[in-house]
Amino acid sequence: MTSPSPARRNLILRWMRLGGLSLALVVVFEVLHFPAALLLGPMLAAIVSGLTNTVVHIPRRLFTAAQGMVGMMMAASIPADFLTQIEVHWPTIASGTVFVTFAAASLGYLVTRAKLFPGTTAIWGSSPGAATAMVLMSGGYGADMRLVAFMQYLRVACCALVATLLARAFAPAAAQDAALIWFPPTDWGFAAPTTVVGVLAAMVAPRLRLPGGGLLGALFAGILFKATGLPITLHPVLLAAAFAVIGCSVGMRFTRDVVRHAARALPAVLASITALIAMCAAFGVGLHVVTGVDLLTALLATSPGGADTVAIIAASASVPVDVAFVMTMQVARFLFVVMTAPTLARFLSRDATRK
């Protein structure tokens with residue numbers, strides 16, 4: 001048997017190092033209950049690889065297929081009674097959606113005015129939609145995906161920490177953490193068509209010049225898929241692989257210059273995130289007082305963190321939480337941000353750089 005060439009051996013070793021470090025970080029983050037561990041572990045591992053000149057190339061088609069899986073996951077998060085919840089609570093949901101979106105946009109505008117990030121990067125980085133969606137969409141609109149990822153995932157981590165502390169504060173003293181289930185059983189009879197639809201939609205979307213590319217193509221396909229009455233079922237192993245591909249793709253874009261830039265901007269970004277969390281918490285308290293929604297539900301519904309992280313915290317809380325209301329508010333905001341983010345980013349960044 002012919003031994004592999006030195007270049008091929010070097011490539012294999014790079015993949016092995018990236019895979020081993022990614023797995024180790026994922027395990028650590030999962031044990032610590034860190035949000036989006038399956039994505040952040042590979043992203044951090046890829047950043048380390050890039051900074052140590054052990055870069056590997058992620059094929060574009062693989063990256064697009066991963067977007068398709070994430071798009072279907074987002075479609076699955078939309079509650080079955082989404083429209084009913086909107087109809088019943090539309091004043092509350094509309095006001096909460098608009099408030100959180102424009103509070104985040106205002107802070108992004110201030111960061112842009114301070115010229116900490118180029119172009120529309122700060123606006124996309126501050127957008128309170130699903131973090132992965134904002135990162136993926138931002139690249140198609142001229143923003144720096146690396147710095148958008150830095151801002152988005154830092155905000156998700158901060159919001160998850162605050163939401164977790166809130167859930168623990170409201171929980172009875174005797175409540176225990178739920179056991180960690182790594183890979184629950186999945187029905188391949190439903191998982192296979194879900195995967196095929198998501199990947200095909202993601203592949204076709206760029207050809208149709210759909211804004212947001214594969215991610216939004218799969219999201220819309222998933223909504224239609226769900227409307228037929230078929231359940232969206234994602235095999236956890238494939239979803240974990242999709243997160244890893246996206247994390248590595250984003251992480252590999254980091255250079256020493258980008259890391260230095262992010263470090264310089266860290267104090268201002270943390271101040272912006274803290275201000276946003278405080279503003280949203282104040283709105284949540286007001287929502288509780290005015291509408292009578294229980295306080296924890298109101299705070300989780302208006303949290304500017306990731307919808308998936310908030311959903312997990314809401315569902316696992318040891319006190320009663322209106323999960324349907326929380327998810328409806330979160331998903332409504334996500335859809336609103338997806339529709340308005342490109343226009344808002346262009347307008348605010350143009351206005352900020354003009355002054």
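User: Which residues in helix 4 meet which ones in helix 11?

Analyst: This is a predicted model. In it, T92, S95, G96, F99, V100, A103, A104, L107 and V111 of helix 4 meet S272, A275, L276, M279, C280, F283, L287 and T291 of helix 11.

User: How do those residues divide into nonpolar, polar and charged?

Analyst: For the contact of helix 4 with helix 11, the count is 12 nonpolar, five polar and no charged.

User: At what angle do helix 4 and helix 11 pack, and how far apart are their axes?

Analyst: The angle is about 160°, and the axes are 10 Å apart. Helix 4 covers residues 82–113, and helix 11 covers residues 256–291.

User: Parallel or antiparallel, then?

Analyst: Helix 4 is roughly antiparallel to helix 11, because angles over 145 degrees count as such.

User: And is the crossing of helix 4 past helix 11 left-handed or right-handed?

Analyst: Helix 4 passes helix 11 in a right-handed crossing.

User: C280 is on that list. Buried or exposed?

Analyst: C280 has a relative accessible area of 1%, so it counts as buried, the limit being under 20%.

User: How many disulfides are there in the whole structure?

Analyst: A search of the whole structure turns up zero. C280 is in no disulfide, and the nearest cysteine sulfur, that of C159, is 7.5 Å away. A disulfide would need the two sulfur atoms within 2.5 Å.

User: Switching to helix 2 and helix 10. How close do their axes come, and at what angle do they cross?

Analyst: The axes of helix 2 (residues 37–51) and helix 10 (residues 236–251) come within 7 Å, crossing at roughly 35°. Helix 2 passes helix 10 in a right-handed crossing.

User: Which residues meet there, helix 2 to helix 10?

Analyst: From helix 2, the residues are L38, L39, P42, M43, A46 and I47. They meet A240, F243, A244, I246, G247, C248, V250 and G251 of helix 10. The residues of this contact divide into 12 nonpolar, two polar and no charged.

User: What about C248, buried or exposed?

Analyst: C248 is buried, with a relative accessible area of 8%.

User: Is S22 buried or exposed?

Analyst: S22 is buried, at a relative accessible area of 8%.

User: Now L295. Which helix is it in?

Analyst: L295 lies in helix 12, residues 295–301.

User: How far is L295 from G284, in sequence and in space?

Analyst: The two are 11 residues apart in sequence, and their C-alpha atoms are 7.4 Å apart.

User: Last topic, the overall picture. How many helices and strands?

Analyst: The protein has 14 helices and zero strands.

Note on methods: Residues are numbered from 1 along each chain as its sequence is written. This is a predicted model: local features need pLDDT of at least 70, side-chain atom pairs count only at pLDDT 80 or more; totals for chains, interfaces and linings use all residues. Side-chain values use heavy atoms; hydrogens and water are left out. Buried means under 20% relative accessible area, exposed over 50%, partly exposed in between (1.4 Å probe, protein chains only). Axes are lines fitted to C-alpha atoms, for helices over the stretch in contact, and angles run from 0 to 180 degrees between N-to-C directions. Helices (H or I, at least four residues) and strands (E, at least two) are DSSP runs, numbered from the N terminus. Angles under 35 degrees count as roughly parallel, over 145 as roughly antiparallel, 65 to 115 as roughly perpendicular and the rest as oblique. A crossing is left-handed if the near helix is turned anticlockwise from the far one by less than a right angle, and right-handed if clockwise. Contact means heavy atoms within 4.5 Å. Ala, Val, Leu, Ile, Met, Phe, Trp, Tyr, Cys and Pro count as nonpolar, Asp, Glu, Lys and Arg as charged, and the others, Gly among them, as polar.
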